[in-house]
Amino acid sequence: MKTVKLGANIGARIDDVRLGGDLPSHVVADINDALLEHEVVFFRGQHHVDEKVQYAFAERLGIPTTPHPTVRSRGTRTLATDSTYDKADSWHTDVTFVDRIPKASILRAVTLPAYGGTTTWASTTAAYEQLPPAIAALADSLWAVHTNVYDYAAVAAEKSVSSSAQRYREEFRSEYFETEHPVVRVHPETGKRSIVLGHFAKSFTGLSSKEFRAIFELLQDRVTRLENTIRWSWEPGDIAIWDNRSTQHYAVSDYDDQYRRLERITLAGDVPVSVHGEYSRVVAGDASGYSAIAS
């Protein structure tokens with residue numbers, strides 16, 4: 001296994017590994033270590049991987065969740081990022097509207113457009129570490145309300161007249177979830193602090209909507225600084241794995257009406273803990289059917 005660093009703050013490519021459920025334990029541990037260090041890792045040439053192999057590998061790296069808390073019509077093991085329904089073209093961390101934010105996601109290229117369709121990841125750890133002390137102190141004290149009503153794909157679907165997009169929006173909102181998360185969490189494996197925001201965030205507890213928007217944009221701008229990002233141009237056989245506890249991502253919608261499909265398996269995570277030792281709080285919804293809580 002060879003790890004090639006791609007950016008100062010985020011991203012690495014892992015070579016000379018054939019992903020699957022039969023990987024030796026020490027290789028799986030090395031992949032997890034690389035994920036913790038680089039926050040998103042990429043594999044080329046994994047043409048042998050189908051849904052079954054992808055799931056078998058996911059079971060070695062963690063505990064797979066069900067595909068999604070509310071979207072249940074598009075598979076039992078993987079969730080398709082399918083341009084027919086949604087394009088995920090907004091900065092977000094996956095499924096932050098539940099209390100048990102996923103550990104990681106494993107995304108496999110299935111059908112790619114002839115041009116465009118890249119994905120960009122941002123390090124929320126690097127963003128926090130670069131904050132001036134006064135802003136970091138403010139962020140440490142803030143809590144944000146996250147809901148699935150504010151999902152990036154549902155918002156995009158509202159702009160579409162297609163019946164498939166409308167059905168997706170309705171299914172996404174079929175059960176309401178709302179959770180209060182600390183804006184700054186402590187990573188359960190590295191101990192580092194990272195920012196928990198993205199498009200699912202609706203408000204800051206105790207602040208007005210105007211104050212929320214101003215502070216949200218201030219912190220989000222720090223997350224999405226180009227120096228804190230890595231942009232990946234997909235090829236057939238590619239697989240990406242990212243640490244969902246310390247990143248946001250954005251699928252760039254620059255491929256016109258071409259079809260694009262990637263399939264994701266998500267790994268169970270823990271309930272975030274603030275810098276003051278307080279756990280995230282459920283306001284509405286029960287995510288126990290979606291995911292275990294990883295220890």
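**A strand and the salt bridges**

Mentor: In this predicted model, strand E14 (residues 247-251) is largely enclosed by the rest of the structure, because four of its five residues are buried. E14 pairs with strand E6 (residues 119-123) in the antiparallel sense, over five bridges. Within that pairing, Thr119 has Ala251 in E14 as its bridge partner.

Now to the salt bridges. The whole structure contains 15 of them. In general, side chains of opposite charge can pair when their charged atoms come close.

One of these contacts joins Glu180 and Arg281, whose closest N and O atoms are 3.2 Å apart. Glu180 belongs to strand E8 (residues 178-182) and Arg281 to strand E16 (residues 281-284), so this pair ties together parts that are 101 residues apart in sequence. Glu180 is buried, at a relative accessible area of 15%, whereas Arg281 is partly exposed, at 32%.

Another salt bridge links Arg213 and Glu217, with 3.0 Å between the closest N and O atoms. Both residues lie in helix H7 (residues 209-223), four residues apart, about one turn of the helix. Arg213 is partly exposed at 41% relative accessibility, and Glu217 is partly exposed at 33%.

Asp15 and Arg13 also meet through their side chains, at 2.8 Å from N to O. Asp15 counts as buried because its relative accessible area of 19% is under the 20% limit; Arg13, at 24%, is partly exposed.

Finally, salt bridges also form a network, which links Asp82, Arg108, Arg261 and Glu263.

Terms used
Residues numbered from 1 in each chain as written. Predicted model: local features only at pLDDT ≥ 70, side-chain atom pairs only at ≥ 80, totals over all residues. Heavy atoms only, no water. Buried < 20%, exposed > 50% of the residue type's maximum accessible area, 1.4 Å probe, protein only. Helix = DSSP H or I, 4+ residues; strand = E, 2+ residues; numbered from the N terminus. Pairing = 2+ DSSP bridges. Salt bridge = Lys/Arg side-chain N within 4 Å of Asp/Glu carboxyl O.
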